[in-house]
Amino acid sequence: MTDYIIALDQGTTSSRAIIFDKKGSIISVGQKEHEQIMPRAGWVEHDPIEIRDNMREVIGIALGRANLTRHDIAAIGITNQRETAVVWDKNTGIPVYNAIVWQDTRTQPIVNRLAGDKGVERYKDIVGLPLATYFSGTKIVWILENVEGAREKAEAGDLIFGTTDTWVLWNLTGGPSGGIHATDVTNASHTLFMDLETLEWRADILADFGVPRSMMPEIRSSSEVYGEARDTSLLRETPVAGILGDQQAAAFGQAAFDAGESKNTYGTGNFLIFQTGTEIVRSENGLLTTIGYKLGDGPTHYALEGSIAVTGSLIQWLRDQLGIIATAPEVEKLALSVEDNGGVYFVPAFSGLYAPYWRPDARGAIVGLTRYANRGHLSRAALEATAFQTREVLDAVNADSGVDLAELKVDGGMIANDTLMQFQADILGVPVVRPVIAETTALGAAYAAGLAVGFWNDLDELRANWQEDKRWTPNDDAPERERQLRLWKKAVTKSMDWVDDDVR
């Protein structure tokens, strides 16, 4: 009996395999972290071979803990860190360079060169995105221009590109021996190369970037059978039937399918997805226009997205770089040791500012410091930074859509922090709602795969699985809310215009 779906979640800090039952409940989890490689300021890399091997291991862990085999699994779904770029030799399966992570900012000179006199919105009407280091397209260019022999091998047709969903799929389905080189529309929509209307790679944009078309994976829907796992996998002969980029997967797992529905994920960064249905909505307020999902031959569903680079990773920074906490949960205890932020505001523009500002010249800033400030105030300011950034993104969504959000569905690791969630509700002025199943990213990938093989029948069945776990309601102190927002926005201005040509 194939009573379960397995989701492979290739994330920024770890790779996981999670097994779900028909109710969307978690049966077992296998998880393993991978190294964060930071060779220079602004550079962030992962070892693709480590990711490949870890993914194989966590599959075994999840199956073993559940006492299941491949015969119990109906399908495999994949979700991933969307903009992280891998380039590898299709004949050997060996990457020519480490994966360049979505947070990496080394490609800013390439962005500037491509923008030229036309500006960073040169391709936005076509692809929905501004030119930015965030997206995978400029990362491919960097590899082709800086790795010895890469350009020649790419033009000879020997090198192929993929975000980590494609890397996992290719290895799972055979690697050099017939591995499937494909991605889904949600991941393709964050490369800078896909036309939002035709769902095809734009030859003219690839030519502008100098990226050979032969490197690019086939674009397919988010829910269909791409192929089967091969003999090298514990899941051999199991169909791989769903792929969704991590943020679209989280929205799908939250049962946010229709226009006007949304979710906000609190992870390494924060990412808001606001579904706009089958209509492409062009943002006038600093948001991304992207693909929400596409199920098989069904219509394409679009979304607005607000991307925030640094939220959960700021807490990791307090732990790993500053050492003021030993574990991430300690930040809440420290934040509660003080009555308020003591006038301290923390703008974590470690990779520049993403939505709604898109300012690559920004860098992290802590403002409002006095002798009164202590590590409790700093911890509180770090948590509040997440909520302030989310408020600014939601203001942009409201302006673009013309619809004020009634409540915010949340997921991700940081939603376990009650102090943060209450402050989020307070600063938004609307309720914040947490689901029973918080692993919505993996669940969304499982849902996409399950729909493709008939494990679930339709979206209504998935909606019935969603259950509310906890709700935070805002306080009614509007003047204090506006005062805090005014000071936050003032703090943001202090982070801008920092990077000059000679700043490293």
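**Ground rules.** Residues are numbered from 1 along each chain as its sequence is written, and side-chain values use heavy atoms, with hydrogens and water left out. As the model is predicted, local features need pLDDT of at least 70 and side-chain atom pairs count only at pLDDT 80 or more, while totals for chains, interfaces and linings use all residues.

**Entry 1: rings.** I looked up aromatic pairs and found 25 in the structure. A pair means rings of Phe, Tyr or Trp (its six-membered ring) with centres within 6.5 Å; planes under 30 degrees apart are stacked, over 60 edge-to-face, the rest tilted. I picked tyrosine 97 and tryptophan 142: their ring centres are 5.2 Å apart and the planes sit at 55°, so this pair is tilted. The two residues are 45 apart in the chain, with tyrosine 97 in the loop between β6 (85–89) and β7 (99–100) and tryptophan 142 in helix α4 (residues 136–146). Helices (H or I, at least four residues) and strands (E, at least two) are DSSP runs, numbered from the N terminus. I also noted a cluster joined by ring pairs: Trp102, Tyr134, Phe135, Phe271, Tyr354 and Trp358.

**Entry 2: buried or exposed?** Buried means under 20% relative accessible area, exposed over 50%, and partly exposed in between (1.4 Å probe, protein chains only). Tyrosine 97 comes out partly exposed at 21%, and tryptophan 142 is buried at 11%.

**Entry 3: charges over rings.** I counted a charge as over a ring if NZ of Lys or CZ of Arg is within 6 Å of the ring centre and within 35 degrees of the ring normal. Arginine 106 lies over the face of tryptophan 142, 4.6 Å from the ring centre. Lysine 409 does likewise with tryptophan 466, at 4.4 Å.

**Entry 4: helix α4.** Back to the helix that holds tryptophan 142. In α4, 9 of the 11 residues are buried, so the rest of the structure largely encloses this helix. Among the buried ones are Ser136, Gly137, Ile140 and Trp142. The buried residues of α4 pack (contact: heavy atoms within 4.5 Å) against β6, β7, α2 (108–115), α5 (150–155), β8 (159–163) and α8 (203–209).

**Entry 5: a pocket.** Which residues lie nearest the centre of the second largest pocket? I got Glu384, Phe423, Asp426, Glu480 and Gln484, out of 16 lining residues. Pockets are found on a 1 Å grid over the protein atoms alone, as an open set of points where a 1.4 Å probe fits, with protein on both sides within 12 Å along at least five of seven lines; lining residues have an atom within 4 Å of a point. The largest share of this lining, 5 residues, comes from α13.
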